[in-house]
Amino acid sequence: MSEILHLPLCYLTNELREHEAKAQENHPSPPLMERAGKAAADWLLTRISNTDKILIIAGPGNNGGDALVMSRLLQLQGVHCTTVLLGKINKLPIDAANAYQAYCDAGFLLQNELPTIEEWTWGIDGIFGIGLTRHPEGAFAKAIEYLNQCSVNILALDMPSGLNADTGVAFSPCVIAHHTLTYLGWKPGLFTYDGRDYAGEAYLDELGVPAGTASGTLIHTAPVQPPPRKHNSHKGTYGTVGILGGEEGMEGAVILATRAALKSGAGKVIGSCLGSLQIDMNFPQIMRSKPEKLLSQPLSVLGIGPGLGTSAEAQELLKTSLSLPIPLVIDADALNLIAANPALKTLCQQRNADTIITPHPLEAARLLHTNTESININRIESALKLAKEYNSTVVLKGSGSIIATPDGQWFVNTSGHPGMAVAGMGDVLTGMIAGVVAQGVTAKDATSLTVWAHGETSIL
Ligand SMILES: NC(=O)C1=CN([C@@H]2O[C@H](COP(=O)(O)OP(=O)(O)OC[C@H]3O[C@@H](n4cnc5c(N)ncnc54)[C@H](OP(=O)(O)O)[C@@H]3O)[C@@H](O)[C@H]2O)[C@@H](O)CC1
Ligand SMILES: [K+]
């Protein structure tokens, strides 16, 4: 399987600032803000007709400067624009001040208050971009609420105002955009946590600047090819998956995980429950085994946790599993057991074979001995911390799942939809990852491919 090479970079704010500074130095002309405003004007011009009326709100920083350039260029094309500048003119940063001067020199009008008559077909949010530092209040909060209550298409420039570019946490209020045209590089905040609820459809314009240095990667398509299969192969070629879980009443979790492993191309799949697992009549090729027997068989990978429960028996089985020299996919109650038992955590840390853990935010909070909120307010940092502390490849689930590796790499997944917030989705993911790992794929490639495919196929 090939390395993840062709996916776009995902930048944290400090990385974007560096990228921007280098771009200003190496590609000074035309100025980046001029390019950003033009990119936005061009984007809109392909979507409007001559009856459209555009409301443009510019904030106190360079995001406002982008909006002023956009407005100037649109008006030069004869587009009807009403432009409101919320910032104080004498406090505009240099680039925005230049944009203001060019706007005035072109002879166009500016308002400093929100209009009372609402007659817009498009609203442009140029209030805050990556420079948002706190809760919007006063005139800024009013402008955000004003845009949100206009029932028109909203285009956000760079970021929806109120949304944190690094974390995807939305302040209240935050612009609810239908579209976001982001500049220079992707930001994780557009896709994770609140991001997709506020950014709408996201577009990137790199402003003609070659890629810079970013710590993250955006998964927006299949990151690697599925494992190739030779004609001259047999079921033994594609590995054996064991799935262990399903205490009394929770056996369905094992059924879902084993089916998913089979569908992901594993050669053989064995399900094992602490409760009573009946034969799966829809997939009778899935074998059954008693838990102890399963753990003494030659498996290629073990998925442990779906419906496992936290009984003493579950704990003993987990202890044995952690000592096996094969890749493990650990989910659900197996994670809760590890979080509650330092000896199990040590076993996990000391493993030599690949370990993949797939917590949702509450499980992640238990593993890091914190609360769900502190996981959610910085999902990337939380995933990286888990990866390091548990010596594991991590899938931190939720909107915009984050994948993190023990060597400090991180990925944001963009597939999936709110319909996935139902019971059983996690069990399917565990089975899918195990099914791909069984075919000899590395933990990082298997998780990134599977997390993307899990979101993509669930749309069907
Ligand atoms: N430089 C360039 O050439 C390029 C820049 N680009 C564009 O610039 C954007 C970044 O610009 P930026 O750094 O000026 O930040 P921006 O988001 O406009 O806001 C900062 C201002 O808002 C203020 N402020 C923050 N939060 C606030 C709050 N809650 N309530 C009230 N005020 C608040 C903050 O005040 P302070 O925190 O300093 O008191 C400061 O005055 C970027 O997203 C992209 O659109 C692109 O064109 C590419 C080329
Ligand atoms: K904005």
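How many cavities of 30 Å³ or more does the structure hold? It holds 1. A cavity here is a set of points, on a 1 Å grid over the protein atoms alone, where a 1.4 Å probe fits but cannot get out. Grid points are joined across faces, edges and corners, and the volume is the space filled by probe spheres set on the points.

This is a predicted model: local features need pLDDT of at least 70, side-chain atom pairs count only at pLDDT 80 or more, and totals for chains, interfaces and linings use all residues. Residues are numbered from 1 along each chain as its sequence is written, chains are lettered from A and ligands numbered from 1 in the order in which they are written, and side-chain values use heavy atoms, with hydrogens and water left out.

Start with the whole chain. Its secondary structure comes to 16 helices and 17 strands. These are DSSP runs, numbered from the N terminus: helices are H or I with at least four residues, strands are E with at least two. Of the 460 residues, 56% are buried, meaning under 20% relative accessible area with a 1.4 Å probe, protein chains only.

The largest nonpolar core has 92 residues. Such a core is a set of buried Ala, Val, Leu, Ile, Met, Phe, Trp, Tyr and Cys residues joined through side-chain atoms within 4.5 Å. Helix H2 (residues 32-45) gives the most to this core, with 8 residues. Domain 1 (11-214) and domain 2 (235-457) both contribute residues, so the core lies between them; the domain bounds come from an automatic or database domain assignment. Met 70 is among the residues with the most contacts inside this core. Leaving out residues up to four places away in sequence, Met 70 touches Gly 37, Ala 40, Ala 41, Leu 44, Ile 124, Leu 155 and Leu 157, where contact means heavy atoms within 4.5 Å.

Leu 157 also turns up at the metal. Its O atom coordinates the potassium ion (ligand 2), along with Asn 63 (OD1), Asp 125 (O), Phe 128 (O) and Met 159 (O), at 2.5 to 2.9 Å. Donors are N, O and S atoms within 2.8 Å of the metal (3.2 Å for Na, K and Ca); water is not among the atoms, so sites may look incomplete. Both Asn 63 and Asp 125 are buried.

Return to the cavity. The largest has a volume of about 50 Å³. Its lining residues, which have an atom within 4 Å of a point, include Val 254, Gln 278 and Arg 288. H7 gives the most to this lining, with 3 residues.

How values were computed
Buried < 20%, exposed > 50% of the residue type's maximum accessible area, 1.4 Å probe, protein only. 1 Å grid on protein atoms, 1.4 Å probe; cavity = no way out; pocket = protein on both sides within 12 Å on 5 of 7 lines; lining within 4 Å.
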